[in-house]
Amino acid sequence: MTAVDIAFEVNGRQTTVHVEPMRRLSDVLRDELGLFGTKVGCEAGDCGACTVRLGGRQVESCLVPAAQANGTTIQTVEGLAARDGVAGDLQAAFLDHGAAQCGICTPGMLMAAETLLAADPNADDAAIRDGIGGVLCRCTGYVKIVEAIAATRDARLVGAATGVGSPVVPVAGAAVGSRIAKVDGLPRVLGTARYGADHRPDDVLAVRAIRSPHARARFEIGDLAPLRSRHPGLVDIITAADVPGQNRYGIYATGKDQPALADGVVRHPGEAILALVADEATLAAIADSDLPITWEPLPPVRGLDDALAAEAPTLHDASPGNVLIRGRLARGDVDAALVASHATATIDVETTFVEHAYIEPEAGVARRVGDRIELTVSTQAPYMDRDEVALILGIPPADVRIIPTACGGGFGGKLDLGVHALIAIAAWRTGRPVQAVWTRPESMAASPKRHPSRIRATAGVDADGRLTAYRFHGDFDTGAYASWGPTVANRVPVHAMGPYGFDAVLATTRAVYTNNPPAGAFRGFGVPQASIAHEALMDDLAAQLQIDALEFRLTNALRAGSTTASGQRLDASAGLPACLEALRPHWQRLRAEAAAHNAGAGGSGVRVRRGVGIGAMWYGIGNTSMSNPSTIEMGVTDDARVVLFCGAVDIGQGASTVLVQIAADALGVPAGVVELVSGDTDRTADAGKSSASRQTFVSGNAARLAAADLRRQILLLAEVADPTTGADAAAITFEEGRIVVTEPGGRTSEIDLAELPLVPVRDVSAACVIAGRGTFDPRTTPLDADGQGVPYQTYAFGAQLADVEVDPELGTVKVRRIVAAHDVGRAINPTQVEGQIHGGIAQGLGFALMEAYVPGRTENLHDYLIPTVGDMPEIECLLIEDPEPSGPYGAKGVGEPALIPTAPAILGAIHDAVGVRITQLPATPDRVRAAILARAGA
Amino acid sequence: MAFLRPTRLEDAIGALGSGGPSGAGWVVVAGATDHYPARVGRAPVEDVLDVTAIGGLRGAAAVDGGWRIGALTTWTDLVEADLPPLFDALRAAALAVGGQQIQARATVVGNVCNASPAADGMPNLLALDALVELASVRGPRRVPIGEFVTGNRRTVRAADELVTGLFIPAPLDGATVRSAFEKLGSRAYLVISIAMVAAVVEVGADGLIARARVAVGACSEVAQRLTALEADLVGLRAHASTAGVARAAHVAALSPIDDVRGSAAYRRDAALTLVRRALEQVLG
């Protein structure tokens with residue numbers, strides 16, 4: 001297609017581009033004009049990330065032919081700033097309200113909202129929801145987004161000139177507990193934050209994987225010479241034989257079973273078998289069918305039944321019978337305890353693949369620098385990436401540098417390698433920078449998922465309503481490769497029985513290989529699946545004994561002094577009773593309202609039935625019985641800057657902000673003083689991965705220790721007699737080239753930084769003259785063959801209520817309200833905690849009601865549904881702070897806990913409304929309706 | 001790969017008549033909201049005829065004997081147009097197509113030409129007895145909407161024809177007209193319908209149903225009118241309780257499929273519920 005001149009106005013400036021007329025406008029804005037604030041999430045109009053304002057309307061720029069932009073007026077997120085680097089009012093409101101988490105949807109949200117408010121300055125909240133209904137967010141649950149837009153509307157109506165919020169700027173020592181804005185938030189609302197796809201060196205090549213259309217097959221690659229001669233632009237073709245190092249990687253030392261490029265055998269649809277390296281135009285001209293691949297399809301192992309059948313083929317030689325790993329926890333005599341129980345209940349649960357559906361598909365660029373390789377990539381785990389890339393390239397880990405970009409959502413999915421392997425190999429071989437940006441279908445075909453599960457569980461209770469015994473078996477489809485399957489198999493037995501005390505427990509799990517996409521880490525590591533079973537059983541037993549479902553849980557809740565099923569005594573910070581007590585008035589009120597509504601149902605105009613359900617959870621913070629240390633450095637530079645060198649990646653959850661708050665208070669300086677160096681493996685120590693809800697607790701402790709170490713050294717240099725911290729402790733201030741220390745008695749001393757020698761920190765460019773270092777590793781023990789030991793140092797607890805309405809004739813479910821009580825130990829930043837809860841509820845709601853990934857069928861965001869703003873209930877957060885003595889300022893974690901009780905609460909509420917217990921997730925309208933019909937017919 | 005964006009209808013029709021440079025015919029593009037999603041990660045190979053610069057094809061307005069919806073009329077244009085209650089159902093559908101970004105770009109005619117079994121416009125246009133207007137170098141023609149779409153992604157539009165608009169005939173003289181649309185999906189916004197129903201009822205001065213048109217979408221390869229139900233409704237009193245006339249037999253001719261959105265049995269069951277609810281709206 002011949003390029004033509006296309007002229008339009010963008011952000012107030014006339015511009016002309018020379019492009020092919022059918023180029024997507026999103027590509028024109030990004031690639032031709034460098035307006036990287038416009039994000040691309042799907043190229044199909046499903047996600048709205050690329051929304052811009054065109055001629056006064058919001059449009060998805062991925063669906064606008066460049067030719068149709070001719071003569072139009074366009075505004076992008078870059079056009080919303082008040083001036084260069086200064087947020088406009090809507091952007092400031094997003095920042096103040098915590099409406100941007102990962103920030104990848106933020107530009108689209110902002111443009112949808114700006115278009116709406118420009119057209120309808122009085123837009124009510126329903127109009128706001130309509131206005132942003134076409135933009136998907138996977139982090140926030142939309143709550144704070146709607147709040148920020150409404151606040152902007154209100155401020156504009158009263159004529160506020162600039163800014164609608166009041167940024168929180170705590171003084172020294174007051175950062176913890178305050179609602180400061182995200183320290184990395186401004187670029188996210190300005191649209192200047194650079195994500196995985198936003199780094200494009202000038203001479204960059206692209207790498208494209210050729211992927212298997214078959215779930216299981218053998219293949220041969222024929223003569224590639226004709227392809228090379230037909231496409232002279234091809235710089236490299238990479239096959240399994242060309243992998244420089246080991247063509248087997250994986251999280252666990254014992255689970256390195258996944259090839260960067262399949263070697264003659266594919267095990268899941270979408271598996272990469274070959275990679276083409278060239279400029280984008282050359283790659284685009286090559287069809288998959290041009291490649292000389294000979295396939296020999298084999299009967300696929302489609303799920304647990306296939307894999308566990310006696311005649312099943314063995315997918316990995318190391319795992320005959322296709323069982324990757326087993327997990328087990330045993331305590332007491334379950335069989336005897338169940339027989340002796342006053343009542344028992346049994347349930348079978350089935351859940352399916354759930355897709356992370358982060359709005360940013362996997363992307364990054366690799367550069368070879370001499371004998372080192374540098375990857376600028378979207379990730380949750382830079383140090384693990386480093387070690388895996390080193391293995392694949394056959395070079396020492398020290399020769400790999402991982403530079404995390406802004407991460408447009410992770411949720412566990414970016415703990416595995418995504419684009420890494422192929423960009424690294426291609427850059428290593430060609431010496432040129434190589435970029436890969438996965439398309440949405442590619443991301444959904446090749447990235448790991450939540451494990452499908454099949455669970456059977458039985459619980460018993462005595463006549464007094466005290467739980468006696470719990471028996472659980474769960475099979476988890478781990479797909480073609482191990483990924484994080486072992487984590488799921490080990491974490492689930494510890495949590496299988498829920499946050500309750502039992503005399504006897506037997507919990508067993510298996511992770512099973514199939515020819516499905518790998519199932520890996522997803523917010524909760526199998527615990528959300530297990531919670532469906534234990535919460536349904538709690539409801540069942542409470543009903544059998546005619547005990548209120550909340551009170552039944554309260555009676556049996558783990559609490560300080562309880563001993564867990566793994567034999568661990570909980571000494572402190574086990575705040576489930578407090579959570580349930582906080583929910584009690586809401587529970588009673590909502591139940592009464594639902595009952596009153598239903599008493600009128602059947603009358604004229606009342607078509608839906610209402611119900612209220614409850615879910616409770618617990619979750620161990622950090623790795624299960626495995627060392628997972630975090631090391632953080634904090635230094636003062638020779639020009640008196642305070643820098644936190646933090647390897648913990650902020651994937652939108654707010655880790656950077658929380659760690660700055662902790663470090664600021666531990667050092668005794670205002671949070672605004674602390675600069676952040678984040679994630680770069682050449683500049684920060686290993687803080688471990690952003691997973692397992694561990695960064696606040698584990699890296700928070702490391703940050704606290706690093707800051708305390710730095711403070712101690714400063715006070716030592718200032719010759720302060722009493723180097724303690726606290727309200728009446730010495731004050732540290734930074735001035736040009738020096739530190740001033742003021743003691744409570746008024747004595748001041750100065751440290752002239754120019755006189756100090758440089759001290760080494762990992763970041764060799766840092767010029768630090770004083771540096772502190774902190775390392776923290778949770779105190780755990782190995783688990784014995786019966787799963788007994790100390791798997792985690794601390795646990796998060798929580799409970800949620802769901803108030804739903806069910807349309808019995810259609811089987812549709814609308815969640816009206818969620819009340820969420822979470823024991824977070826200490827809310828370092830209540831805004832971030834609420835954001836995690838809102839987002840967890842959104843994902844829990846999706847898990848409960850709509851999310852079902854079908855390999856090869858739902859690899860887009862219109863067949864795979866995640867909640868939109870219109871699906872979200874009203875949410876009330878009740879933050880319970882039962883301090884964890886070993887946590888930084890008492891804090892634990894909340895990232896995964898927030899998701900876990902939502903689905904059980906919703907399913908319980910459906911049962912309360914219409915009397916059917918949905919045990920196969922998601923509870924789609926057809927399943928709910930079928931259950932209602934079956935019950936009516938029974 | 002050629003690209004053409006004519007400003008005159010004659011030029012567009014002339015181009016279509018010539019078959020296009022590659023000989024494979026032109027791909028006609030307007031809002032492009034179905035064009036690009038079908039080409040994610042694929043290099044463009046087709047000759048594209050972009051019709052959006054052609055004058056006179058945009059807008060919905062009254063004409064002799066009815067109303068005309070031009071081929072470039074977007075869903076948002078339709079929502080904002082001054083149209084009578086006859087169009088309430090189509091307007092409701094307009095607000096349920098994608099998000100506001102899609103509504104601002106996608107055209108009503110494109111929805112018809114894309115011929116998806118789940119096209120939200122189709123049951124409405126069937127219930128409105130719409131005529132599809134086509135133009136070509138061979139001359140214009142009008143095709144009833146029910147004959148225009150022949151299957152999943154199939155229409156009777158010839159390769160050299162361009163759809164220029166839709167004609168909606170006026171209701172019976174003196175009748176009170178009401179219309180309603182019921183859409184069923186698994187989430188609030190951005191959802192492909194599991195099933196949907198459009199109903200248009202004309203009630204005479206005597207309070208009796210003079211004409212009823214009811215159509216169901218996403219429950220067969222092409223949306224279908226429920227002609228037996230329509231016949232049964234004529235002459236009955238216009239009251240919400242009349243909706244109970246709709247029975248399982250009336251939706252028996254539907255041929256829904258099992259897919260990721262719902263089972264066939266569920267679709268059939270839900271369709272009847274939606275039919276009754278749409279009728280309650282227009283008769284209540």
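What follows is a conversation in questions and answers.

Guide: This is a predicted model, in which local features need pLDDT of at least 70 and side-chain atom pairs count only at pLDDT 80 or more, while totals for chains, interfaces and linings use all residues. Residues are numbered from 1 along each chain as its sequence is written, and chains are lettered from A and ligands numbered from 1 in the order in which they are written.

Visitor: Which radius of gyration does chain B have, and why does it agree with a compact globule?

Guide: The radius is taken over C-alpha atoms, and the globule rule is 2.2 Å times the number of residues to the power 0.38. The C-alpha atoms of chain B fill a box of roughly 60 × 45 × 30 Å along the principal axes. Because a compact globule of 284 residues would come near 19 Å, there is agreement with the value for chain B, 19 Å.

Visitor: What share of the residues of chain B count as buried?

Guide: A residue is buried if 20 or more other C-beta atoms, placed from the backbone, lie within 10 Å of its own, exposed if 12 or fewer, and partly exposed in between. Applied to the 284 residues of chain B, this gives a buried share of 54%.

Visitor: In which order do the five strands of the open sheet in chain B lie?

Guide: Helices (H or I, at least four residues) and strands (E, at least two) are DSSP runs, numbered from the N terminus, and two strands pair if DSSP finds at least two bridges between them. Strands E4 (60-63) and E7 (141-144) of chain B are the edges, each pairing on one side only. The pairing in this sheet of chain B is antiparallel, and the order is E4-E5-E10-E6-E7.

Visitor: Which residue of E7(B) is the bridge partner of B:Glu133?

Guide: Strand E6 (residues 131-135) of chain B pairs with E7(B) in the antiparallel sense over four bridges. In E7(B), the partner of B:Glu133 is B:Arg142.

Visitor: How many residues does chain B bring to the contact with chain A?

Guide: Two residues are in contact if their C-beta atoms, placed from the backbone, lie within 7 Å. The side of chain A that touches chain B divides into 21 nonpolar, 14 polar and 14 charged residues, where Ala, Val, Leu, Ile, Met, Phe, Trp, Tyr, Cys and Pro count as nonpolar, Asp, Glu, Lys and Arg as charged, and the others, Gly among them, as polar. Chain A supplies 49 residues to the contact, and the number from chain B is 39.
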